[in-house]
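Welcome! Open the model in your viewer, keep the selection tool handy, and let us walk through it stop by stop.

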Amino acid sequence: MNMPGISGLEFLQRLRDGNSDTEVIILTGQATVENAVEAMKLGASDYLTKPFPLGELEHRCRIAADRGRLQKQNRQLRSLLHRSHVRTEIVGNSPAMQEVFRLITRVAPTDKAVLILGESGTGKELVARAIQERSARVDQAFVTVNCAALPETLIESELFGHEKGSFTGATARKDGLFEVADGGTLFIDEIGELPPALQPKLLRVLEDGSLRRIGSHQERRVDVRVIAATNRDLKKEVEAGRFREDLYYRVNVMSIPLPPLRERREDLPLLIDHVLGSDWTLTPEARAALLRYDWPGNIRQLINALERATILAENHTITLHDLPREVAPDSGPSAPPLTNNSPGGTDLAALERAHIAAVLQQERGNKARAARALGIHRRKLYRLIERYGIQTKSDRGGEVPNP
């Protein structure tokens, strides 16, 4: 309590003003009720009076350390609530995916850095989560950051944190993601987008776990496993001088290449059934279109197409018409209208278009009445009008469709 130049309470107050998360125990030979109350208000872990047994003091220190760890875990969990992602099982029986599973199994128990390589949408974050779940850090934080999704000016603050007042808009101290992930895993997606100015700082953390927040002179240490991912060729980035060679070797202790969906077509039926679940069925034509398509956007595009189809489909059956135009280009072209001069071999799409246009003309453009007359839901009528390019005006007036 009594030290040269400053009291114990003043020292504790300065620690708290500086947002220090250090646990404090006060030990004094001049205890008063007022000092004890003030110390507890300032967040002291304990207030002890001399003489005090050394063995009991060690016990109180352990309690304070446990308290500090619990508070840190609570901060991590609160941060993770805003960064959590829905977990999805990795699906695939192809030889390429079996090799991916083998590499995950081998690298997961280690604490080595991993670099996941693959096109956008191939499931790089899922692989990172699979590594975390099979590692000794499974019960610790899993934190993600996408370097391509953040402005260059914010990446440093997001990764390393900042002190209050360190730059315009820094109204409070903020822990960086390395601190949030302390004890766990940090997944850095699109690491190839990391600005060159920040690459030495990331290298330092990977080498010895040390970092400094923006605006701070205090060095902090973290214990974080880094898993990185990129859709770039980092070797070419190194040759071009855009990515540090020493950082490349630090993040690429072990690499896991992910195949694009077009190179593992045998997994498509499994993926489709996994995404849709048992409540949905596909017509043979729709399934054939899904299996035929090349999927340049990979699994992300496949999931998007199936989720869109479930919105448009009726009776839990997905048809060719429910799929995006690029996936099923033959499902609804702007077929020419059927006229008296049309050849007798007109396809079914042209007949359907002509019938819809005729009913709309009969109902003078009223889509609700036209849907009832056609025996379909109004939502499906809107979809068919859009697919066949049938021109209509407002129900309240104007032109009516020309069959």
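Start by selecting Asn315, which sits in the loop between α13 and β15 (317-318); helices (H or I, at least four residues) and strands (E, at least two) are DSSP runs, numbered from the N terminus. Asn315 has a phi near 60°, a positive value in a residue other than glycine. Most residues other than glycine have a negative phi, and most peptide bonds are trans. Is Asn315 buried or exposed? With 72% relative accessibility, Asn315 counts as exposed. Here buried means under 20% relative accessible area, exposed over 50%, and partly exposed in between (1.4 Å probe, protein chains only).

A word on what you are viewing: this is a predicted model, in which local features need pLDDT of at least 70 and side-chain atom pairs count only at pLDDT 80 or more, while totals for chains, interfaces and linings use all residues. Residues are numbered from 1 along each chain as its sequence is written, and side-chain values use heavy atoms, leaving out hydrogens and water.

**Another positive phi**

Now select Trp295, in the loop between α12 (284-292) and α13 (298-312). Trp295 is not a glycine, yet its phi is positive, about 55°. Trp295 is buried, with a relative accessible area of 1%.

**A cis peptide bond**

Next, pick Lys50 and Pro51, which are joined by a cis peptide bond with omega of about -10°. Pro51 belongs to the loop between β4 (46-49) and α3 (54-81).

**The end of a helix**

Move on to helix α16 (residues 378-388), whose buried residues are Leu381, Arg383, Leu384, Ile385, Arg387 and Tyr388. An α-helix has 3.6 residues a turn, so residues three or four places apart point the same way.

**The largest pocket**

Select Gly123, Lys124, Glu125, Leu126 and Arg300: of the 31 residues lining the largest pocket, these lie nearest its centre. The elements giving two or more residues to this lining are α5 (124-133), β6 (142-146), β9 (185-189), α11 (268-276) and α13. α5 gives the most, with five residues. On a 1 Å grid over the protein atoms alone, a pocket is an open set of points where a 1.4 Å probe fits, with protein on both sides within 12 Å along at least five of seven lines; lining residues have an atom within 4 Å of a point. The largest pocket has a volume of about 760 Å³, a volume being the space filled by probe spheres set on the points, which are joined across faces, edges and corners. Its lining has 13 nonpolar, nine polar and nine charged residues. Ala, Val, Leu, Ile, Met, Phe, Trp, Tyr, Cys and Pro count as nonpolar, Asp, Glu, Lys and Arg as charged, and the others, Gly among them, as polar.

**The second largest pocket**

This pocket has a volume of about 600 Å³. Of the 31 residues that line it, Asp21, Arg75, Glu179, Arg213 and Arg220 are the closest to its centre. Which element gives the most to this lining? That is α3, with nine residues. The lining of the second largest pocket divides into four nonpolar, ten polar and 17 charged residues.

**Zoom out**

Of its 403 residues, 42% count as buried.
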